[in-house]
Amino acid sequence: MKPIRIAVSGMHRGENPQPGASIAAAIRQAWPDAFIVGLVYNAFESGVYVAGGPDVCHAMPYPTAGLGPYLTRLAEVRAATPFDWFIPTLDAEIVMLAGASEELAELGIGVRLPDPAVLARCGKAQLSALAEHCEVATPATAIARDVGEALEHAEAAGYPVFLKGPFYDAVLVHNPAGLAAAGAAILADWGPPLLVQEPLLGTEFNVMGLGDGKGGLLGSCALRKLIVSDKGKGNGSVVVRDLRLDEITRRVMAATHWSGPFELEFIRDQRDDGYRLIEINPRFPAWVGFPAQLGANFPAAWVEWMLQRPVRLLPQPAPGRFFLRHQIEVSGDMGQISALLDALPNSINHNLTSNSISA
Amino acid sequence: MTVETDLTRLEDLMLNERGFVFDPNTGESYQVSGTGLLCLRALQRGASIDEVVAQLVTSHDVERITVRCDVDAFLWDLKQLGWL
């Protein structure tokens, strides 16, 4: 069988980890001879330098540069190191590429992404309507185009409120000054809209899964966060099994015909013990490597699905299994950093196994 | 007397010999005493409150009325956790 050649983005771990390095590891777990191309935005993305990480890495322009430059660069990368499939892992990439399957196919790059309309329906701005359709509660949320509107919404709702960006960032603000500062920062990083959301007290739960695009599931795994970082990241979580979470997940899949990886974020509201759907992430979460260690290799299943091979339903990891995020130091060479920094617009590869760099 | 229980929640509890209890529904974990562990295991087997009390009286040589009070208090705690 032809070795799998696949590109993966989101290689950074550390304080605000991305899923790419774990996806690469999970793919290698299933296919040790897979050829993995790491697509990075920053030479300090730590997953680049991990043993067993990507075979080759290339620097990419940020999605904010636009689809044209991004596709041009993908074509360059593919010409330098051919690959057949691409798993984008960052929200901004997915939003940009969801409507570009045909353009990517013309480049010889296969992707499986949710339909743009479905993606929009699951975005933060429209989540309340979808949640209502799925009969799951969401926190009260108002959408603002700018800081001024956000201030009005927060005044009406009463402080504190969560201020969120369209893709990332959620800041609990306690007064207008805090909102203005956080709002300006979020707008600068991610652009509009801003979301003003009621804060909820309760425990955070996440469900990761794979939608089959027909309203069904190829597998799912539900966690409760045990340790939450000051950025809201789950630095430790335990597998749970609550039939209510399973049912909500099924309803969301049925309503959206979701195709591919997703993560649903919930708070179990301590007022009534009910789940509130906070967010739908259209990608693998950073903890995707955890279930892969327990026999539920979601990235491998997704690759099988993309290759149109038969996929067996993934087993649900046993409740009580937990992960703790453990930071280690990975070592690199300044030559590698330099190669990646200089890579745009021309492709430069680096071979991690031999620690050599070649143009 | 029987106790109305949400057997799914109660049965799903994961217990070990040291009294560590993990609730897979909520992800919460607890530590219970030896007698608490005995109660939980008996309830998981479908024992009635009277049977639980009788078992504790036999195994701990304590007056029945005392055991009954303690068991009622324990059951109240379990109810607050949604296990009963």
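The model is predicted, so local features need pLDDT of at least 70 and side-chain atom pairs count only at pLDDT 80 or more, while totals for chains, interfaces and linings use all residues. Residues are numbered from 1 along each chain as its sequence is written, and chains are lettered from A and ligands numbered from 1 in the order in which they are written.

## Layout

Chain A has domain 1 (5-113 + 329-358), domain 2 (118-123 + 200-324) and domain 3 (140-197). These bounds come from an automatic or database domain assignment. Taken over C-alpha atoms, the centres of domain 2 and domain 3 of chain A are 26 Å apart.

Chain B touches chain A through 6 residues, which meet 7 residues of chain A. On the chain B side, 3 of these residues are nonpolar, 3 are polar and none is charged. Here Ala, Val, Leu, Ile, Met, Phe, Trp, Tyr, Cys and Pro count as nonpolar, Asp, Glu, Lys and Arg as charged, and the others, Gly among them, as polar. A contact means that the C-beta atoms of two residues, placed from the backbone, lie within 7 Å.

Helices (H or I, at least four residues) and strands (E, at least two) are DSSP runs, numbered from the N terminus. Two strands pair if DSSP finds at least two bridges between them.

In chain A, 4 strands make an open antiparallel sheet in the order β5-β8-β6-β7. β5 (141-144) and β7 (170-173) of chain A are the edges; each has a single partner strand, so one side of each lacks a neighbour in the sheet. From one strand to the next, the twist averages 25 degrees. Strands β6 (residues 161-164) and β8 (residues 194-197) of chain A run antiparallel and share 3 bridges. Within this pair, A:Leu163 is bridged to A:Val196 in β8(A).

Helix α7 (residues 147-157) of chain A packs on this sheet and touches β5, β6 and β8 of chain A. The direction of α7 makes about 5 degrees with that of β8(A). Axes are lines fitted to C-alpha atoms, for helices over the stretch in contact, and angles run from 0 to 180 degrees between N-to-C directions.

## The six-strand sheet

A second open sheet in chain A has 6 strands in the order β13-β12-β9-β10-β11-β14, with antiparallel pairing. Its edge strands are β13 (275-281) and β14 (322-324) of chain A, each pairing on one side only.

Strand β9 (residues 202-212) of chain A is joined to β12 (residues 259-269) of chain A by 11 bridges. A:Asn206 has A:Glu265 in β12(A) as its bridge partner. A:Glu265 is also bridged to A:Glu279 in β13(A). β12(A) and β13(A) pair over 6 bridges, in the antiparallel sense. They form a hairpin with 5 residues between them, and A:Asp273 in the turn has a positive phi of about 65 degrees.

Of the 7 residues of β13(A), 6 are buried, so this strand is largely enclosed by the rest of the structure. A residue is buried if 20 or more other C-beta atoms lie within 10 Å of its own, exposed if 12 or fewer, and partly exposed in between; C-beta atoms are placed from the backbone.

## Helix α11 and its neighbours

The axes of α1 (residues 20-30) and α11 (residues 298-306) of chain A come within 7 Å and cross at roughly 70 degrees. The two helices are therefore roughly perpendicular, a term for angles of 65 to 115 degrees. A:Ile23, A:Ala26, A:Ile27 and A:Ala30 in α1(A) meet A:Pro299, A:Ala300 and A:Val303 in α11(A). This contact has 7 nonpolar, no polar and no charged residues.

The buried residues of α11(A) include A:Phe298 and A:Trp302. They pack against β1 (5-9), α1, β9, β10, β12 and α10 (289-293) of chain A.

## Backbone sites

| Site | Backbone value |
|---|---|
| A:Tyr159 to A:Pro160 | cis, omega near 0 degrees |
| A:Pro192 to A:Pro193 | cis, omega about 0 degrees |
| A:Gln308 | positive phi of about 60 degrees |
| B:Asp61 | positive phi near 55 degrees |

A:Pro160 lies in the loop between α7 and β6 of chain A. A:Pro193 is in the loop between α8 (176-190) and β8 of chain A. A:Gln308 sits in the loop between α11 and β14 of chain A, and is exposed, with 7 other C-beta atoms within 10 Å. B:Asp61 is in the loop between α3 (49-60) and α4 (64-80) of chain B.

Notes: Parallel < 35°, antiparallel > 145°, perpendicular 65-115°, else oblique.
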